[in-house]
Every structure is written in structure tokens, then in C-alpha cells.
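Subject: Structure handover

Hello,

Here is the structure you were expecting. My notes follow below it.

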Amino acid sequence: MPEWKALTRLAADAVRQPLAEWLNEDNRFEAFSLQLPALLLDYSKQRIDARILEALLDLARARGMDAKIRALFDGEPVNVTEKRAALHTALRSPIEQQPQEALPVVQPTLARLSKIAQQVRDGEHRGYTGKAITDVVHIGIGGSHLGPELVVEALGGVPGSDPRCHFLANVDGAALHSTLAGLHPETTLFIVVSKSWSTLETRTNAESARSWFLERTGDVAAITRHFLAVTANVEAAKDFGIPEENLYPLWDWVGGRFSLWSAVGLPILLAIGPEAFAELLRGAHQMDEHFRTAPLDRNGPLIMALLSVWNSNFLGATNHVILPYSHRLRVLPDYLQQLEMESNGKSVHLDGSPVRIHTMPILWGGEGTNGQHAFHQLLHQGTRAFSADFIVCASEEVATPQSTGVHHRWLLANAFAQAQAMMSGLQVQDPHRRVAGNKATSTLVMDELSPFAMGALLALYEHKVFCQGIIWNINSFDQWGVELGKQLAPPIFDQLDGKPALQQDASTRGLIEYVRRRLEKRRKQEDKNV
């Protein structure tokens, strides 16, 4: 594409000038920051100027960005490999804006979710012995787990946020035992989330949780008071023992990593209440409206996507670091890893032809200020190229009678200082103390860590992912790559239990046989001890 070639030439010129010199312009912040719903996007520390930004926008126009945004909101099948729409925005839009496919199901489902959440929070829905529910165990994985966990961690834990929510995803038995430790079956509610009801980790954990419950209650009928499910496979959930009135739907037009706004978000409703959940949806919808209507040069999600393409494809920054300076947003890097890398970790274009450039950069990160005493050393003096997002809250997250604001000011000061250090570096004679700088970063300042602002932040990243996919001409809504390992696991499971592994490759067969010998040795030792 000529637009791509033009950006390649601009990149060759851009790297010659130290990034700190770009910040000498008096109006730099005003020119390269953008007020969005409930937050500010500051990208003035990015290696761009007006000419580069216009060239990036030319690339977006050449990819038909305006038309693709309309197609997303009009419910066209933007998920081309599965021939589906991606209607997650309909989950948070008012009735008058919902597409026909979502209109008959979204509001009734939300009403049912709000009802059960309020009943649990008010003590109206009780356990089989008449005791109130004090703990909720959410069983899912991937898209049915990370979003709810993030939002509950961010917005829960405040007065009125009971019951306590726990999240079980890993099939490791240690995760199961640590989650259930200290819980009581008569006061625990389980939510099982699996679209197909065949996800191995979720199914295994759900069956073990049911066994734990029945071993302690001896009452199969009690399951009706203690197990809910979110699924598209109603019959399988009913066979599990969950009555139909305890089932909540998932639809094909909502992908897992875009699903926290749906019934998958039931733990959020339980933790923060239906009114706060409605604010979460309202914040996301406001960002949807911004994305749908803002001109391209003032469109926050698009600008973030273009900066990602600029850094990774033209400036060689193949790592992107997420740095939330908020303890309550500590799960955000994990959530964005799945949202972005599962969406855009692709190697073929929409027509199946190979992609000959890198698509999604490797995304990782961690909580500030903890990361400053861990991996920031690599960021400042290592040899890897990266870009970064700093996420901060303007106002103090948790106001308490003892709060003086000192902690929060130090948190903000450290975030701004780290971004400044990555930009300017430290040019001294001693090579061991020298910091190169020239690292491009953006800073997102949330007005406050409220449900509305949280909804806006997550919708911003969702739409950024969509725009990246348009630029790279890939499908951001499928995830075929996660299936292969799942298909290979069942025969290995049987072979670990004694079935011959003759058809396996030499390495896998060797590992299976080694573990089997170790297990057999352990069994013999246990028999000897008995």
C-alpha cells in the first residue's frame, strides 16, 4: 500500500531525533491529548507529529475504517470466518439502538440477572438451610473469567459489595482446593460459565465443586439453591443438575472476551449491585457512541490502534507493556493479554493469505509501583524495544477516614516520573548509570475508578482491538488457534492413566512414560507405608 510505504519513510526520519526534543513544543500536550468519556488520553510522549498522525489516518482511511465501524454497529457479519456479527455493543446500548437480533433477548436477560443479584444481596435468595449467601464461586476460564474478575477486583470490596466473590479457572487441583478452603456449602453459591459446556477446565472444576457440595450436604435437591449456570447448552447444564430457571443465556454473537457485559458478568452484579452495573454499561455505551460518531482524527480507540501499529510495525517495538498505577486494576494486564493477543494474534488475512508483517505485539505488564522494583530495570536499561500504557486515576480510589491523600499523590508522582524517565532517559558519563530513554508511552487518566469510568476504559480497549484488526486486515473475533491443544489433550489424559502411547511423538511419549513411572513408584511407596 502506498500509505504503508509513506509511513516507512517517515519512520526512518523519526528515529533520528531524540524523543525528548519532540516535547519541547509548547502546545505539545494540547495537540496530542484527547478528552474521552470519563478519561483523558495523553499520547504526547509518543514519537509522532502532525505529519505522522495524518499519514496514520490516511492508512486508516485506505482500510475503509469509517465503513468498518458502521458495519460493526449495524450488526453485519464482521466475524467473517464464523459468519457472525459481533454485537457486544448491543449488551450496553439502550433499547432504541439495539439491533433486531439482540432486541428480544438482551433486556429480559438483564432483568433476570438484576433480580437474582438483588435477591442474593438482600438475603431473599438463601441457601438450602435458610442461611444467607456469603460467598460466590465463579467457575469459568478465559473470556468467561478474566473480565468479571477484573471488574470485581476493581469495583468490589467497598461497603455493600457482599457477597465475597471467588474465581476458579485453572484445572490445577490446588486452585480448586484453595478456592474452596474455608467456604461452607450452606452459604456458598456457584456460577458455572461455559458457552458449550464442554470446556475441559470449566467442566472438570464444576464437577469437582458439585462433588464437594454433595459430600457435605448429602442433598441433591439442594443444588437448585446453590448452582447457577451461564451457557448456550441448556440440556447439558440440566443434565448436570441445574434447573432451567437457574440458567442464563449466552449468544453466538458475543465472543467470550467481549462478554463481561452479558450474563457472564453476573459476579459483577452480585459484587456491586444492579445499579452500579447499569453505570458500568452506561460508561461503555458512552465510549461506543464516541467511537461510532467521532471524526477519525479525534477518535480515541482508533488513535490508540494507530499508535500500536506505528510502534510495532514501523518503529520495531514488538512488546507493549500495561502499567496500571492502581492496586484495584492489578488484573488489567491479564485481561488485556487475552483481549488483545487472542483477538489479533493472527497470521493470515481475511482472505486466508499469509500476513507478511507482525500483527499483535507481545503484551505484558504489572501493577505500579511494584513493577518499578522488578521489571522496570529492563524497561529503562535493557535492549528490548517496547511501548507502554500508563493507567492512573486522578482522584483517590478509596476514601477512608484515615486517608490523607499522601499515598495517592506518591502513586501519581511515580507514574508520571516513570513515563518521563522512559521518554528522556539519563545522559551521564558513567555507562552503568546511563538510561537511553526514547521509549514511547501513552497515559490514560481516569477521572475516578467508578463503574462508569471502568466501563468506558474497557470499551476503549475493545474498540482499539477492532481497529487494529482492520489495519492488519485480520479477523479479531475468532480464536481457532486455541483449539489444537484442546484436541490433543484427551488422548494424553488417557495415556497418563495407562493407555499405550505408541502413536505419540518420541518426546511426548517419553514425558508420558516418565510421569507414569514416577506415579507408579509413588503408589508402591504409599502401599508399603500402609
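A residue is called buried here when its relative accessible area is under 20%, exposed when that area is over 50%, and partly exposed in between (1.4 Å probe, protein chains only). Helices (H or I, at least four residues) and strands (E, at least two) are DSSP runs, numbered from the N terminus.

This is a predicted model, in which local features need pLDDT of at least 70 and side-chain atom pairs count only at pLDDT 80 or more, while totals for chains, interfaces and linings use all residues. Residues are numbered from 1 along each chain as its sequence is written, and side-chain values use heavy atoms, with hydrogens and water left out.

Strand 8 (residues 319–324) is largely enclosed by the rest of the structure, because 6 of its 6 residues are buried. In a regular strand the side chains alternate between the two faces of the sheet. On one side of strand 8 the buried residues are Asn319, Val321 and Leu323, and on the other they are His320, Ile322 and Pro324, which leaves both faces covered. Two strands are said to pair if DSSP finds at least two bridges between them. Strand 8 pairs with strand 9 in the parallel sense, over 4 bridges, and histidine 320 has leucine 363 as its bridge partner in strand 9.

Serine 387, in strand 10 (residues 386–393), is buried at a relative accessible area of 5%. Contact means heavy atoms within 4.5 Å. Apart from neighbours within four places in sequence, serine 387 is in contact with Asn311, Ala317, Asn319, His320, Val321 and Ala440.

Five strands make an open sheet: 5 strands in the order 4-3-5-6-7, with parallel pairing. Strand 4 (164–168) and strand 7 are at the edges with a single partner strand each, so one side of each has no neighbour in the sheet. On average, neighbouring strands of this sheet are turned by 20° against each other, direction ignored. Axes are lines fitted to C-alpha atoms, for helices over the stretch in contact, and angles run from 0 to 180 degrees between N-to-C directions.

Strand 3 (residues 135–139) pairs with strand 4 in the parallel sense over 5 bridges, with valine 137 opposite histidine 166. Helix 8 (residues 173–180) packs on the sheet and touches strand 3, strand 4 and strand 5; its direction makes about 170° with that of strand 4.

Helix 6 lies across strand 5, strand 6 and strand 7, and runs at about 145° to strand 7. Its buried residues are Val106, Thr109, Leu110, Leu113, Ile116, Ala117, Gln119 and Val120. These buried residues of helix 6 pack against strand 5 (188–193), strand 6 (227–231), strand 7 (247–249), helix 12 (266–272) and helix 13 (274–293). The expected span of a helix is 1.5 Å times one less than its number of residues. For the 17 residues of helix 6 (residues 106–122) that gives 24 Å, which agrees with end C-alpha atoms 24 Å apart. Glycine 123 follows helix 6 and has a positive phi, near 85°.

Leucine 458 is in helix 18 and is buried, with a relative accessible area of 0%. Not counting residues up to four places away in sequence, leucine 458 touches Leu150, Val151, Leu260, Trp261, Leu332 and Tyr335.

Helix 19 packs with helix 20 (residues 506–529) at an angle of about 35°, their axes 9 Å apart. The residues that meet are Ile492, Gln495 and Leu496 in helix 19 and Thr508, Ile512, Val515 and Arg516 in helix 20.

Most residues other than glycine have a negative phi, and most peptide bonds are trans. Which residues have a positive phi without being glycine? Alanine 38 is one of them, at about 70°, and asparagine 473 is another, near 60°. Alanine 38 is in the loop between strand 1 (33–36) and strand 2 (39–42) and is buried, with a relative accessible area of 13%. Asparagine 473, in the loop between helix 18 (451–472) and helix 19 (483–496), is partly exposed at 23%.

The peptide bond from glycine 368 to threonine 369 is cis, with omega near 15°. Threonine 369 is in the loop between strand 9 (362–365) and helix 16 (376–381).

Regards
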